[in-house]
Amino acid sequence: MVIPSRQDRHGRFLVPAAVSAYAASSAASPLAPFTIERRDPGPHDVVIDIDHCGICHTDLHLVRNEWGRSRYPMVPGHEIVGRVSALGSEVTSWRVGERVGVGCFVDSCRTCESCRDGEEQFCLEGAVFTYNGIERGTKKPTLGGYSKRIVVDEHYVLRIPEGLGPDAAAPLLCAGITTYSPLKRFGAAPGRRVAVLGLGGLGHMGVKFARALGAEVTVLSHSSRKRADALRMGAHEFVVTEEAGTLAKHAGRFDLVLDTVSAPHAYGPYLELLRRDGTMAVVGIPPQPEPLAANVLVTNRRRLVGSLIGGIRETQEMLDFSARHGLAAEIEGIAIADVNTAYERLARGDVRYRFVIDLATLA
Ligand code: NAP
Ligand code: ZN
Ligand code: ZN
């Protein structure tokens, strides 16, 4: 439902502050109905009524406190698509009713070198993450997209192009940009061999982008179950990593390996797949550290790099690229009441390829 922008005679907004959500109250508790308060919109704020929110594996890591830095109660969700329902008095670039998105962060300092470079995720004062962060002004915890409404500064809102379905577009806000950014930066292009390790939410977008960027694409997956899907998504080849001796056959072959695996795994065997001056870009964040032998890096002058989502400008570029190429996530839509079952399935890798919550199912 679109609520028109309304203000009282003092210029204050008449948007109700209480908002329905789902929250985890501890690392051990399931997500459950919860009422949150959103801040009163300031002059530069956009109020968004949320239609869809993707479930990223990061949500699972954080809800279960697998990285040891979770704050509760936690309302997860950073793959948000909705419609603008109200605007601050100074906002000129958004319209009420417009379809918009919000990704992994909602604020940053705007003045440091990273912010000026459009890499706000690396803000020197710390980007304010969409949930499990602290709002700069109010110092209150940020709460994410498993909720009916969110208030976000206009500079951190994305335009969802016409032609992208709102549910299938939601995962682009994290899974999309997290794979698009390193693929472009580290050279997925015609004549380049790219391997995508792990065909989950991130991995399947990685395959689609790498193919659309013109690369020769191989999927490295731990079982043969996803072979047909991978080829349908655009992969040229599919390799099962758990089959004895298989990886050795592909040694020294790839220009770029994009590692999206959420579970602990050794990096060495995948670095061995790189040719001279090849790059392995890690985006998956397993909870435990992994030792690495220097020998595998010095051989072939290999590079091991990480990458974290992408800035606002590049996220918009990725959304426009997706619309132009007809790319979106393959999703399984769920009602919010099924979110805990979805988490259990995500934990055991039973998802093709992203769960997306329909917030119309939240009363
Ligand atoms: P996902 O949908 O669960 O996909 C992870 C994939 O990893 C699985 O589909 C599976 O692919 C592989 N995998 C999982 N468990 C495995 C195991 N035990 N052994 C071998 N392979 C296994 O997760 P996601 O949402 O894509 O997220 C992936 C990771 O990226 C998470 O750690 C998440 O926190 C992180 N992440 C990072 C960023 C960033 O900016 N760097 C952004 C978003 C997410 P196969 O079945 O094909 O083997
Ligand atoms: Zn994410
Ligand atoms: Zn900054």
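A salt bridge is counted here where a side-chain nitrogen of Lys or Arg comes within 4 Å of a carboxyl oxygen of Asp or Glu. The model is a predicted one, and within it 25 salt bridges are found.

**Salt bridges**

One of these pairs is formed by Glu98 and Arg159, whose closest N and O atoms are 2.4 Å apart. Because Glu98 sits in the loop between strand 4 (80-87) and strand 5 (99-102) while Arg159 belongs to strand 9 (residues 158-159), this contact ties together parts that are 61 residues apart in sequence. Glu98 counts as buried, with a relative accessibility of 9%, whereas Arg159 is partly exposed, at a relative accessible area of 37%.

Another pair joins Arg352 and Asp229, with 3.1 Å from N to O. The two residues come from distant parts of the chain, 123 residues apart, since Arg352 is found in the loop between helix 11 (339-347) and strand 17 (354-358) and Asp229 in helix 6 (residues 227-233). Here Arg352 is partly exposed, its relative accessible area being 38%, while Asp229, at 15% relative accessibility, is buried.

Glu332 and Arg345 also meet through their side chains in a salt bridge, at 2.9 Å from N to O. With Glu332 in strand 16 (residues 331-335) and Arg345 in helix 11, the pair ties together parts that are 13 residues apart in sequence. Glu332 is partly exposed, at 27% relative accessibility.

| Salt bridge | N to O distance |
|---|---|
| Glu98 and Arg159 | 2.4 Å |
| Arg352 and Asp229 | 3.1 Å |
| Glu332 and Arg345 | 2.9 Å |

**The zinc site**

Which residues coordinate the zinc ion (ligand 3)? The SG atoms of Cys109, Cys112, Cys115 and Cys123 do so, at 2.3 to 2.4 Å. Along the sequence, the donor residues of this zinc ion follow the spacing C-x2-C-x2-C-x7-C, and Cys109 and Cys112 are both buried.

The angles among the 4 donor atoms run from 103 to 118°, and the site of the zinc ion (ligand 3) is tetrahedral. For comparison, the ideal angle at a metal with four tetrahedral donors is 109.5 degrees.

Technical notes: Residues are numbered from 1 along each chain as its sequence is written. Chains are lettered from A and ligands numbered from 1 in the order in which they are written. This is a predicted model: local features need pLDDT of at least 70, side-chain atom pairs count only at pLDDT 80 or more; totals for chains, interfaces and linings use all residues. Side-chain values use heavy atoms; hydrogens and water are left out. Donors are N, O and S atoms within 2.8 Å of the metal (3.2 Å for Na, K and Ca); water is not among the atoms, so sites may look incomplete. Four donors count as tetrahedral if all angles lie between 85 and 135 degrees; four count as square planar and six as octahedral if opposite donors are over 155 degrees apart and all others between 65 and 115; anything else is irregular. Buried means under 20% relative accessible area, exposed over 50%, partly exposed in between (1.4 Å probe, protein chains only). Helices (H or I, at least four residues) and strands (E, at least two) are DSSP runs, numbered from the N terminus.
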